[in-house]
Amino acid sequence: MGLKSGKIRVTSPSNIALIKYWGKRGEQIPAHASLSFTLSHSLTETELSFVEEPSEGPGFRFFFHGRHRPDFEPKIATFFRRVAAHIPFLRDYHFEIHSRNTFPHSSGMASSASGMSALALALVQLERDLGADLDAFAAARRASFLARLGSGSACRSLYKGLVVWGRISAIPGSSDAYAIPYPYGVHPIFRGVQDTILLIQRGQKSLASSLGHELMQGHPHAKPRFEEAEKNLESLIPVLKSGDWEAFGGLVEREALSLHAMMMTATPAYLLMLPNTVAVLHAVWDYRKQTGHPLCFTLDAGANVHLLYPETHRQLILDFIDGELLRYCQGQGYMADRAAY
Ligand code: DP6
């Protein structure tokens, strides 16, 4: 019951890590567990067209916002090669992948999480169209497993809410091979959490994650960092339940600064925060001290700042951003997203 040709359309979100994945071994096995919020508005829409055409390696072409982008193809080729070990019929088809993001590419927002998870979802859909008997739960787990082979953080985008990836004894059922929905209680204060992404420098590139993960190999502080990440995740469990925003902010900010400290102390060293990133972090700390409002930041491997705050404080914090922080931003200024539940 093969299919000669067809088209599959899927959408998948990005996610923002609270406990950062930074360091891996083997075929996309994380050095430690990580935890993220899946986002609502930062999405990749992917259309996967396939035509029967047996070939050696899985053949494909990748288009982004309508343009052929050979520069994106090596990462996807690695993904297809790894996935073909689990889905042999990939070699029976030639694929054309058309993707677009709902967020500006020049924003420096990592798009591999939404991009690779969308591609994995499309391939699982194809497996189902070809007869695989997968219910919704099994399909999400399979897509998470496959997405991980393309990009580690992508495996966390297959579920809404808080998501864990990486085996950790504090979370039964957690795995290095795929992500799972965070299984414990979450206080309402964290449910509609807002993520406003300040665009510090237009077009500023994040550090290529493959290079970043490599920097952890032989890094003198790698072992304590991996242990710290797991300790921070364990400490977050009661905090997420009780709704203690102050403790939440403390842990989340420490994670972000720790990630950057690892890059600063690597060989070669990377200093990805720009002067305006630092200015924003100080302004956030000052604001918190003066007002006591629940607001904290996190950072990925780039200069942009993600501001996290509860929905109840949305207007107050947006006024603060417009009044005090916009001056440190470029281009569109900021993107307003929120955790998807
Ligand atoms: C800083 O998932 O992009 O965003 O597995 O090499 O594709 P690869 O890495 P990637 O790394 C993400 C790193 C991070 C932290 C995080 O999302 O946990």
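**Buried residues in a predicted model**

User: Which residues does Ser-99 touch, leaving aside residues up to four places away in sequence?
Analyst: With contact taken as heavy atoms within 4.5 Å, and residues up to four places away in sequence not counted, Ser-99 touches Thr-44, Glu-45, Thr-46, Phe-62, Phe-63, Phe-64 and His-65. This is a predicted model, in which local features need pLDDT of at least 70, side-chain atom pairs count only at pLDDT 80 or more, and totals for chains, interfaces and linings use all residues. Residues are numbered from 1 along each chain as its sequence is written, and side-chain values use heavy atoms, with hydrogens and water left out.

User: Is Ser-99 buried or exposed?
Analyst: Ser-99 lies in strand β7 (residues 93-101), strands being DSSP runs of E with at least two residues and helices runs of H or I with at least four, numbered from the N terminus. Buried means under 20% relative accessible area and exposed over 50%, with partly exposed in between (1.4 Å probe, protein chains only). Because its relative accessibility is 6%, Ser-99 counts as buried.

User: Why does His-213 count as buried?
Analyst: His-213 sits in helix α4 (residues 209-215), and it touches Tyr-21, Trp-22, Gly-23 and Lys-24, not counting residues up to four places away in sequence. His-213 counts as buried because its relative accessibility is 4%.

User: What arc around the axis do the buried residues of α8 cover?
Analyst: In helix α8 (residues 314-325), the residues Ile-317, Leu-318, Phe-320, Ile-321 and Leu-325 are buried. They lie on the same side of α8, because the arc that they cover around the axis is only 155 degrees.

Key. The arc is that of the directions from the helix axis to the C-beta atoms.
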